[in-house]
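Let's take a friendly walk through a protein model together. Have the sequence and the 3D view ready, and look up each residue as it comes along.

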Amino acid sequence: MADLSRTPGQTVGPFFGYALPFSSDSELVAPSHPDAIRLHGHVIDGAGNGVPDALIEIWQRGPDGAVVYQPGSMCREGYSFTGWGRAATDPDGHYSFSTIMPAAGPAGAAPMFAVCVFARGLLDRLFTRAYVATDDSRDAFLDSLEHERRETLIVRCDTDRSYIFDIVLQGAGETVFLKYS
């Protein structure tokens, strides 16, 4: 076999406007749903600027705490909750989802959204979590982090039914990112 030299990796974007959006992709439930909440925020680069061409995906447990195995995530008909959604950022780096509050996980783990980030300059997608933690939440992963790092994974209440989760890609206040094998 010939000795082949390595070539540089390709970044994961920006091509999202062409290949990935679909109708109602950021609506896990319709905004008019009686239990709808808004999860939104900014994707921020190392210089503190919003990333205008990022793509965010979320997965979450259903209201009963079960992992949702509902088929049809790409075919939103307006009433089935599939537990998965995708949102592109706007020119200021802002994204927004219409969803429901996730239920707690096993053994009382804090409710959370699993988050995946695709953006220009990244050689691979990034994984993180957005926790809806309360003072009495006991979560082994959250409890293992120093306070400053833990805070990068906690959503902030914006209004009664709106929550903010900013994703900082690098620098001061960088979001904790996870590695999966």
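Two residues are in contact when heavy atoms lie within 4.5 Å of each other. Keep that in mind as you explore this model, which is predicted.

Let's start with valine 117, which lies in strand E5. Which residues does valine 117 touch, not counting residues up to four places away in sequence? They are Leu55, Ile56, Leu122, Arg125, Leu126, Ile167 and Leu169. Is valine 117 buried or exposed? Its relative accessibility is 0%, and since buried means under 20%, valine 117 counts as buried.

## The overall plan

Now step back and look at the whole chain. The protein has three helices and nine strands. If you read along the sequence, their order is α-β-β-β-β-β-β-α-α-β-β-β.

How much of the protein is buried? Of its 181 residues, 43% are buried. Contacts across the sequence can be counted too: among those with a separation of 6 or more, 67% are between residues 24 or more positions apart.

## Aromatic pairs

A pair of aromatic rings is described by two things, the distance of the centres and the angle of the planes. How many aromatic pairs does a search of the whole structure find? The search gives two.

One of them joins tyrosine 95 and phenylalanine 97, with 5.9 Å from centre to centre and 65 degrees between the planes, an edge-to-face arrangement. Both tyrosine 95 and phenylalanine 97 are buried. The other pair is phenylalanine 127 with tyrosine 180.

Tyrosine 180 has a relative accessible area of 49%, so it is partly exposed. Another ring to find is that of phenylalanine 141, where arginine 129 lies over the face at 5.2 Å from the ring centre.

## The largest pocket and tryptophan 59

The largest pocket holds about 360 Å³ of space. It is lined by 21 residues, and the closest to its centre are Trp59, Gln60, Arg61, Val67 and Met112. Which elements give two or more residues to the lining? They are strand E2 (55–60), strand E5 (112–118), E6 and helix H2 (140–143). Sorted by class, the lining has 14 nonpolar, four polar and three charged residues.

Leaving aside neighbours within four places in sequence, tryptophan 59 is in contact with Gly83, Trp84, Met112, Phe113, Ala114 and Cys116. From tryptophan 59 to leucine 28 the C-alpha distance is 9.5 Å, and the two are 31 residues apart in sequence.

## A loop stop at aspartate 166

Where is aspartate 166 placed? Look in the loop between strand E8 (162–164) and E9. With a relative accessible area of 23%, aspartate 166 is partly exposed.

Setting aside residues up to four places away in sequence, aspartate 166 touches Gly41, His42, Ile44, Arg156 and Thr175. Its C-alpha atom is separated by 8.9 Å from that of leucine 153, which is 13 residues away along the chain.

Conventions
Residues are numbered from 1 along each chain as its sequence is written. This is a predicted model: local features need pLDDT of at least 70, side-chain atom pairs count only at pLDDT 80 or more; totals for chains, interfaces and linings use all residues. Side-chain values use heavy atoms; hydrogens and water are left out. Rings of Phe, Tyr and Trp (its six-membered ring) pair if their centres lie within 6.5 Å; planes under 30 degrees apart count as stacked, over 60 as edge-to-face and the rest as tilted. Buried means under 20% relative accessible area, exposed over 50%, partly exposed in between (1.4 Å probe, protein chains only). A charge sits over a ring if NZ of Lys or CZ of Arg is within 6 Å of the ring centre and within 35 degrees of the ring normal. On a 1 Å grid over the protein atoms alone, a cavity is a set of points where a 1.4 Å probe fits but cannot get out, and a pocket is an open set with protein on both sides within 12 Å along at least five of seven lines; lining residues have an atom within 4 Å of a point. Grid points are joined across faces, edges and corners, and a volume is the space filled by probe spheres set on the points. Helices (H or I, at least four residues) and strands (E, at least two) are DSSP runs, numbered from the N terminus. Ala, Val, Leu, Ile, Met, Phe, Trp, Tyr, Cys and Pro count as nonpolar, Asp, Glu, Lys and Arg as charged, and the others, Gly among them, as polar.
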